[in-house]
Amino acid sequence: MKRRNRGKLNQDRYVPGRKIRRGLALGMSLFLLSASFTACGKSDIQITESLIDSVDSNLAEDKGITVYHVEGRSVVAAEERFRPKQPDSVASSLEETMAVIPLVEGVRFTGYTMAEENAVTLSLQVEDAVSRETLLLEKAALVNTLEQIRNIGRMTLSVKNTEGETVDEHTYTNGSFYYYDDVIPTGQNNGQICLYLPDPRNGDLTENTLNVTLQLDVSAEEEVVSQLIQRDIFPEGTKLISVSVTQRVAYVDLSTEMLSTEDPKTVYSLVDSVCSLPHISSVQILVDGEKQEAIAGVDTHVPLTFTLVSTYAEP
């Protein structure tokens, strides 16, 4: 499948040593749409100062882990990097790093679990006095610190209250957190997304720019898939189970109804629309959490990249 050159990524991103200013937005998946979304039709994508690149570089040079912590309404980096004693062991590095992260008052670790491909679920307990903004900052500090651990997979933060009830659970990546200066008081961000929808005249997928208002607890990937569902791109009854992002691959988990589609453009519409986001390079489609060998005749057992409309092939 051919790759499309997409828009130049806005490079006002979180880099080591720089404070994340007030108003973090969550990005699989919370971020400022107007700053990080790419418009349709741009070219020559360049990612030179992303946090992911800087993390990879740090590990390659064995510089250790930059530990981030909350300070007021900002997330700041410690001056000295932390070096785990067993950097090649994900579990040992995770435990060592968790031990040195200074958490805000009212937040504490209660444990973690690790699944296949080193996917980690980190459990936190949060007191009622901790504000939503403080918790968001703490999440950013944790994710941006722990995702530097070598070979770590997807990270899920499961937050419980003092009574043991789960109040929040999301999967994040270091690309999920961005900073910006002007916070919209309503807790919303305005921006644009690009959907690839069938042209009613000939059925070819065409670019459609959509202005959206995104709540702070909704990622851009979720918004894109939700908009496709609203436009009946998928078979009737198809629901979005989850979206997560790891190393620029979006994992989109849909309900079983997705398997009833016989139109390959259903698959391409999903892949191209999600790949239009600047931080996504490919999409792995899951159905009820499982990879499928094929959907509508399209090989879906591996992540799919953007495909030009002219290259679509009917099964």
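Which backbone oxygen lies 2.7 Å from a polar atom of the side chain of Thr 238? The first legend answers this. The model is predicted: local features need pLDDT of at least 70, side-chain atom pairs count only at pLDDT 80 or more, and totals for chains, interfaces and linings use all residues. Numbering starts from 1 along each chain as its sequence is written, and side-chain values use heavy atoms, with hydrogens and water left out.

**View 1. Thr 238 sits in the loop between α5 (220-230) and β11 (240-246).** The backbone oxygen of Pro 235 is the one 2.7 Å from a polar atom of the Thr 238 side chain. Helices (H or I, at least four residues) and strands (E, at least two) are DSSP runs, numbered from the N terminus. Thr 238 counts as buried because its relative accessibility is 7%. Buried means under 20% relative accessible area, exposed over 50%, and partly exposed in between (1.4 Å probe, protein chains only). Residues up to four places away in sequence aside, Thr 238 touches Ile 229, Leu 254, Ser 255, Glu 257 and Met 258. Contact means heavy atoms within 4.5 Å.

**View 2. β11 and β12 form a hairpin with two residues between them.** The two strands run antiparallel, and six bridges join β11 to β12 (residues 249-254). Strands pair if DSSP finds at least two bridges between them. Val 245 stands opposite Ala 250 in β12. In the turn, Gln 247 has a positive phi of about 50 degrees.

**View 3. An open sheet of four strands has the order β11-β12-β13-β14, with mixed pairing.** β11 and β14 (290-291) stand at the edges with a single partner strand each, so one side of each is left without a neighbour in the sheet. β12 and β13 pair in the parallel sense over six bridges. Asp 253 has Leu 286 in β13 as its bridge partner. α5 packs on the sheet, touching β11 and β12, and its direction makes about 145 degrees with that of β11. α6 also packs on the sheet; it touches β12 and β13, and its direction makes about 135 degrees with that of β13. Axes are lines fitted to C-alpha atoms, for helices over the stretch in contact; angles run from 0 to 180 degrees between N-to-C directions.

**View 4. Lys 291 is found in the edge strand β14.** Lys 291 is partly exposed, with a relative accessible area of 48%. Its contacts, leaving aside neighbours within four places in sequence, are Gln 284, Ile 285, Leu 286 and His 301. The C-alpha atoms of Lys 291 and Tyr 251 are separated by 10.0 Å, and the two residues are 40 residues apart along the chain.

**View 5. The largest nonpolar core has 36 residues.** Such a core is a set of buried Ala, Val, Leu, Ile, Met, Phe, Trp, Tyr and Cys residues joined through side-chain atoms within 4.5 Å. Leu 228, Val 267, Leu 270, Val 274, Ile 280 and Val 283 touch the most other members. Two or more residues come from each of β9 (188-198), β10 (205-215), α5, β11, β12, α6 (264-275) and β13 (282-287). α6 gives the most, with six residues. Among the contacts of Val 283, not counting residues up to four places away in sequence, are Ala 250, Val 271, Cys 275 and Leu 304. A second, separate core of 30 residues includes Ile 65, Val 104, Leu 124 and Val 143.

**View 6. A second open sheet has four strands in the order β4-β5-β6-β7, with mixed pairing.** The twist averages 20 degrees from one strand to the next. β4 (residues 107-114) and β5 (residues 120-126) pair in the antiparallel sense over seven bridges. Tyr 112 stands opposite Leu 122 in β5. The β4-β5 hairpin has five residues between its strands, and Glu 117 in the turn has a positive phi of about 55 degrees. β5 and β6 (residues 155-160) run parallel, joined by six bridges. Leu 122 has Leu 157 in β6 as its bridge partner.

**View 7. α3 lies across β4 and β5, running at about 180 degrees to β4.** In α3 (residues 90-100), the buried residues include Val 90, Leu 94 and Met 98. Their cover includes β4, β5 and α4 (132-146). α4 lies across β4, β5, β6 and β7, at about 145 degrees to β6.

Conventions. Polar contact = N/O pair within 3.5 Å; in protein donor to acceptor, adjacent residues only side chain to side chain.
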